[in-house]
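This report looks at how side chains pair up in one protein model. Have the sequence and the 3D view open while reading.

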Amino acid sequence: MSLLHMPAFAAETLFTEVTVRVYDNTGATDDERRPSLKIAASIVSAAAVELLWITCTEPARLAMSTNKSACETPLAPGELAVRIVRSGVVGTRGELPLGDATMNSQTGKGVLATIYIDRVNWMAEQAGVDAGALLGRAIAHELGHLLMATGVHGSNGLMRPVWSQSEIRRRQIDDWIFRPREIAAIKARTQALLLRASP
């Protein structure tokens, strides 16, 4: 009996690269932020999307030169932005979102997600979990809205609208992943954007 070596075409996945600028004015260092971005990228990678992060932490310079950094130029087509800010409102007064995605009410599309770091830190402390991990999940959730071009939430999984302390505390993997229809929606939209952008 002889064995033939066959190329593993079925195992190959084409990833769509999506550049995401991170505007963080919280004073976090790259080393402090990196684990959260890694978690967000890992979650989104299930939809065959590779996130390419550009961190924009320094204030924009008032420069006269034409050599602007990537952080000082308008977003390119298909590029997204995440800003990490303090909301100034935390605590138990109702259900406060950990972030939001700014969407055009007519087209359903958007490019900007905002994460409220003080709410993330408060929720992580109340639930007794790592704040960096919760931040990564919140970033992935808001990017999910932008990548699917919808403000609609799911009934379960990462895209559910409310994350209770008990859900965060129980650490079940199914609570922090995209559902199959969400993965399909992200794949379809990002691949369509890629085709439009190609010459």
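## Terms and model

A residue is called buried when its relative accessible area is under 20%, exposed when it is over 50%, and partly exposed in between, using a 1.4 Å probe and protein chains only. By this scale Arg34, with a relative accessible area of 47%, is partly exposed.

The model is predicted, so local features need pLDDT of at least 70 and side-chain atom pairs count only at pLDDT 80 or more, while totals for chains, interfaces and linings use all residues. Residues are numbered from 1 along each chain as its sequence is written, and side-chain values use heavy atoms, with hydrogens and water left out.

Side chains of opposite charge can pair when their charged atoms come close. A salt bridge here is a side-chain nitrogen of Lys or Arg within 4 Å of a carboxyl oxygen of Asp or Glu. Seven salt bridges are found in a search of the whole structure.

One of them joins Arg33 to Asp30, with 2.7 Å from N to O. Both residues belong to helix α1 (residues 30-44) and sit three residues apart, about one turn of the helix. Helices (H or I, at least four residues) and strands (E, at least two) are DSSP runs, numbered from the N terminus. Arg33 is buried at 3% relative accessible area, whereas Asp30 is partly exposed at 38%.

Asp31 and Arg34 also form a salt bridge, again 2.7 Å from N to O. They too lie in helix α1, three residues apart, about one turn of the helix. Asp31 is exposed, with a relative accessible area of 58%.

Arg170 is partly exposed, at 43% relative accessible area, while Asp175 is buried, at 6%.

## The disulfide

A disulfide is a covalent bond between the sulfur atoms of two cysteines. In this model the term is used for a pair of cysteine sulfur atoms within 2.5 Å. The search of the whole structure finds one disulfide.

Which residues form the disulfide? The partners are Cys56 and Cys71, with sulfur atoms 2.0 Å apart. Their link is left-handed, with -80° about the S-S bond. Cys56 is in strand β2 (residues 49-56) and Cys71 is in the loop between β2 and β3 (80-85), so the pair ties together parts that are 15 residues apart in sequence. Cys56 is buried, with a relative accessible area of 7%, and Cys71 is partly exposed, at 24% relative accessibility.
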